[in-house]
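This briefing goes through a single protein chain by topic, from the overall fold to individual residues. Please read it alongside the coordinates.

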Amino acid sequence: MAFNMNATWSKATSLVGANFSLLAVVAGVFLFLPAVVIYLAVPDMAAFMDPTADPEKMAAMMEGMMGKIFGWSALAMIFQFVGYLAMVALMGKARPTVGEALAQGAKSLPTMIGTLILFMIAYAILALVIAVPLALLGTLIGPLGAVLTMIGVLFVALFLMTRFCVVMPVVMLEDTLNPITAMKRSWQITHPSQWSILGFWALLIVAYFVIAMLVFGVMSLMGAMAATSTGSLLVMGIVNGIVGGLVAMLVSGIVVAMHQQLAGDNPANLSETFE
């Protein structure tokens, strides 16, 4: 079925609106709280948001904190995966309870970790295939080659994200626990409209970065006004958690709406879409 950008956006916002209270509970526990905890557990995290910071000092700080950052990030990622999966289930036609959605999300967690690993492998291979020729070209055309290489690597990431963007609905709404099967299914149903979907995600990403720059700019000012460093970190963690939770709800709604549009609705269940 052909992809319709306006229909997907309208359906996604309707799904989020119809299930907002349930989604907010899940996002609060699995997206908001981990964000706050990370800021408090890794105090130097706030330094990475300073646009005036010395890149060399930031690189050295990152190297020294790598183990701690990786550990907390991995734990947060597990929580976030379960949260995303549960929100996708809540917006599906099966209408599970929050407990059932969370249980299904926990059961599907190994599948999502498997798909993430496969995604990273695919990205590394394709990025290398594109980056090497462009880097060689860069030796002939100078700085423009580095720009083209960066664009090529970013394009690979966006293209793969486009083709695998409905993996979560496939896992949760089609009860597919094999990561390879889920990725193949997503690749299949996004193929006919891959370029339209890619353009849709590109627009959303640009809009997100513009809004994020404004929000986090204000957040930095609020953090600077806090009386203590702990207060500053708490303010930044709260704002980051709120933004992350809202984005997660919207993204979950988008992929569910996209899956329903591309995979086709079951006529017998159309009346069950909304309460």
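In which helix does Leu 204 lie? Leu 204 lies in helix 8, and the setting for that residue is a predicted model whose chain has 9 helices and 0 strands.

**Overall fold**

- Read from the N terminus, the elements of the chain run α-α-α-α-α-α-α-α-α, in keeping with the count of 9 helices and 0 strands.
- The chain has 275 residues, of which buried residues make up 39%.
- Among contacts with a sequence separation of 6 or more, 78% are between residues 24 or more positions apart.

**The largest pocket**

- The volume of the largest pocket is about 2,000 Å³, and of the 48 residues that line this pocket, Tyr 84, Met 161, Val 247, Ala 248 and Val 251 are the closest to its centre.
- Helix 2 (20-41), helix 3 (55-90), helix 4 (98-141), helix 5, helix 6 (167-173), helix 8 (194-225) and helix 9 (229-263) each supply at least two residues of this lining, and the largest share, 11 residues, comes from helix 9.
- In composition, the lining of the largest pocket divides into 42 nonpolar residues, 6 polar residues and no charged residues.

**The largest nonpolar core**

- The largest nonpolar core has 49 residues, and those with the most contacts inside it are Leu 23, Met 87, Met 112, Val 167, Ile 197, Trp 201 and Met 258; helix 3 gives the most to this core, with 9 residues.
- Met 258, when residues up to four places away in sequence are not counted, touches Phe 3, Thr 8, Cys 165, Val 166, Ile 197, Phe 200 and Trp 201.

- Helix 5 covers residues 143-163, and its 21 residues reach 31 Å from the first C-alpha to the last, which is close to the 30 Å expected at 1.5 Å a residue.
- The buried residues of helix 5 are Gly 145, Thr 149, Gly 152, Val 153, Val 156, Leu 158, Phe 159, Leu 160, Thr 162 and Arg 163.
- Gln 194 has its place in helix 8 and, leaving aside neighbours within four places in sequence, is in contact with Phe 159, Thr 162 and Arg 163, residues that are among the buried ones of helix 5.
- Why does Gln 194 count as buried? Gln 194 counts as buried because its relative accessibility is 12%, and the cut-off for buried is under 20%.

- Leu 204 is partly exposed, with a relative accessible area of 23%, and touches Trp 9 and Ile 254 when residues up to four places away in sequence are not counted.
- The C-alpha atoms of Leu 204 and Val 251 are 9.8 Å apart in space, whereas the two residues are 47 residues apart in sequence; Val 251 is also one of the residues closest to the centre of the largest pocket.
- Ala 89, which lies in helix 3, is buried with a relative accessible area of 3%.
- Leaving aside neighbours within four places in sequence, Ala 89 is in contact with Pro 96, Ala 101, Gln 104, Met 172 and Leu 173.
- Ala 89 and Val 171 are 82 residues apart in sequence, and their C-alpha atoms are 9.5 Å apart in space.

- Arg 95, in the loop between helix 3 and helix 4, has a phi near 55°, a positive value in a residue other than glycine, and counts as partly exposed at 24% relative accessibility.
- Asp 175, in the loop between helix 6 and helix 7 (179-190), also has a phi near 55°, a positive value in a residue other than glycine.
- Is Asp 175 buried or exposed? Asp 175 counts as exposed because its relative accessibility is 52%, the cut-off for exposed being over 50%.
- Gly 264 is placed in the segment after helix 9 and counts as partly exposed at 31% relative accessibility; the C-alpha atoms of Gly 264 and Ile 189 are separated by 9.8 Å, with the two residues 75 residues apart along the chain.

Definitions and conventions
Residues numbered from 1 in each chain as written. Predicted model: local features only at pLDDT ≥ 70, side-chain atom pairs only at ≥ 80, totals over all residues. Heavy atoms only, no water. Helix = DSSP H or I, 4+ residues; strand = E, 2+ residues; numbered from the N terminus. Expected span 1.5 Å × (residues − 1). Buried < 20%, exposed > 50% of the residue type's maximum accessible area, 1.4 Å probe, protein only. 1 Å grid on protein atoms, 1.4 Å probe; cavity = no way out; pocket = protein on both sides within 12 Å on 5 of 7 lines; lining within 4 Å. Points joined across faces, edges and corners; volume = space filled by probe spheres on them. Nonpolar A, V, L, I, M, F, W, Y, C, P; charged D, E, K, R; others polar. Core = buried A, V, L, I, M, F, W, Y, C linked by side-chain atoms within 4.5 Å. Contact = heavy atoms within 4.5 Å.
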